[in-house]
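Q: I am new to this structure and would like to learn how to read it. Could we take the ligand and then the helix packing?

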Amino acid sequence: MIPLIRGVRDIFPPDSDLWRHIKNEAENLFQDFGFSEILIPIMEKTELFKRSIGEQTDIVEKEMYTFADRDGESATLRPEATASIARAYISHKMYAEDPIRKFYTIGPMFRRERPQKGRYRQFYQIDAEIFGQSSPYADARLIIMLKTLMDRLQIKGTTLHINSLGCFKCRPDFNNSFKNFLIKISDNLCQNCQKRANTNPLRVLDCKNKFCAEVTKNAPKISEFLCQECKEHFETVCETLKDTNIEFQINSRLVRGLDYYTKTAFEIQTDALGAQNAIAGGGRYDGLVKLLGGPDTPAVGFAIGFDRLAEIIASNNINYAQKPEIFIAALGKKCIKEAFLWMSALNTAGIKTETEFSEKSLKSLMRRAGKIGASNVIIIGDQELEKKEALFRDMNTKEQIEIKFDNPVKNIMEILSKKINRKKG
Ligand code: HAM
């Protein structure tokens with residue numbers, strides 16, 4: 001057997017049934033909020049991620065799957081989706097027709113992190129982005145959409161953390177003050193932070209080392225340096241969340257692990273997953289489109305960790321498998337042939353139907369129907385074949401009726417719709 005590469009996994013039933021459920025809920029929600037799907041490549045030029053996420057971030061420094069393509073060009077498996085969506089927005093000049101675009105994408109991302117529960121090297125994200133809206137209401141709307149998805153999926157016990165990271169005008173003032181603070185405590189920082197203290201001080205707040213967290217406890221806060229515009233923007237986001245009854249915590253240490261953020265940054269955290277406590281994260285990135293060569297375009301977005309979301313929901317032990325509506329129990333060769341034709345016609349008509357292709361006793365066929373959770377069984381034996389009438393049994397009520405062989409799809413559809421109407425009534 002050839003084992004899997006470390007940190008990657010197969011998702012199969014019943015997990016894949018749950019994943020389909022989550023994907024359906026997310027896509028329905030995105031439709032409700034007017035988002036369109038965008039499909040982006042799995043790999044991009046390395047430069048895209050270096051420039052967007054930032055050269056001095058953990059993702060770019062340590063975690064990217066980068067390789068020289070056969071023509072020598074450096075390619076990278078996407079570690080996230082935002083950079084690619086911004087690149088697509090620019091390369092197709094989407095802004096020319098309508099600068100306001102709302103996109104979502106769902107798919108695998110790749111980061112070479114140390115694998116553990118909730119952290120994988122191939123993981124999946126549900127990502128949503130808004131381009132062309134600078135208003136704080138766009139930030140609030142995205143957060144409301146994210147919380148609505150959590151509610152629809154019945155995810156409980158989460159906390160929304162929110163912060164403002166300032167803009168290009170006010171962030172340098174914070175950076176200077178923070179740098180001065182860091183110089184004084186430099187000896188107590190980890191090696192990585194000592195390096196970053198000078199080049200990219202914000203990343204020090206992101207360090208997972210608990211000593212770095214401890215010694216920066218009394219560091220200056222970004223909120224003390226926000227310009228009037230950033231302050232008002234953040235206040236409006238917070239007020240709107242309050243007005244829509246969304247609970248949140250202002251977390252002045254929340255800086256997120258990617259360099260492109262400006263103004264609002266947020267994260268949904270949970271206690272349910274041990275060390276990997278972030279289910280989703282996002283924020284505003286007003287400078288990215290311009291940085292990548294496009295027009296000055298504000299943008300805001302988030303990404304949910306699909307694997308983490310699924311792990312939380314899986315603990316509720318709900319079965320999301322799609323069960324067959326009908327199982328055809330066919331006794332003997334001739335009946336199997338008839339059953340096969342019925343099954344094909346029913347499948348084509350959109351009715352989930354299964355049968356068994358090998359000769360088995362009625363008892364073992366009924367056991368099979370029970371095992372796959374069929375709601376109804378149609379029995380076709382020699383007698384039924386001769387009479388040209390099959391037996392239809394409701395597995396719940398144990399009621400039985402006979403159905404004629406002529407036009408079985410129509411006959412079965414009538415029975416099923418009567419059952420649905422009876423349930424409704
Ligand atoms: P991120 O915080 O790097 O943000 O990732 C978003 C979410 O992806 C995390 O909160 C986590 O749930 C999940 N995630 C990240 N790494 C892993 C991993 N190794 N294994 C499992 N799950 C993981 C972004 O990626 C930004 N692009 C979000 C964004 C969109 N900002 C604006 N627009």
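Q: How far is an oxygen atom of the ligand from an N or O atom in the side chain of R111?
A: A polar contact is a pair of N or O atoms within 3.5 Å; within protein, one must be able to donate a hydrogen and the other to accept it, and residues adjacent in sequence count only if both atoms are side-chain atoms. For R111 the distance is 2.9 Å. This is a predicted model, where local features need pLDDT of at least 70, side-chain atom pairs count only at pLDDT 80 or more, and totals for chains, interfaces and linings use all residues. Residues are numbered from 1 along each chain as its sequence is written, and side-chain values use heavy atoms, with hydrogens and water left out.

Q: Which backbone atom lies 2.8 Å from an oxygen atom of the ligand?
A: A backbone N or O atom of A278 does. For a polar backbone atom of G305, the distance to a ligand oxygen is 3.4 Å.

Q: How are two packed helices described?
A: By the angle between their axes and the distance between the axes. Axes are lines fitted to C-alpha atoms, for helices over the stretch in contact, and angles run from 0 to 180 degrees between N-to-C directions. Helices (H or I, at least four residues) are DSSP runs, numbered from the N terminus. Here, α1 (residues 15–32) and α12 (residues 306–314) have axes 10 Å apart, at an angle of about 115°.

Q: Which residues of α1 meet α12?
A: Contact means heavy atoms within 4.5 Å. L18, W19, I22 and K23 in α1 meet residues of α12 including F306 and D307.

Note on methods:
Helices (H or I, at least four residues) and strands (E, at least two) are DSSP runs, numbered from the N terminus.
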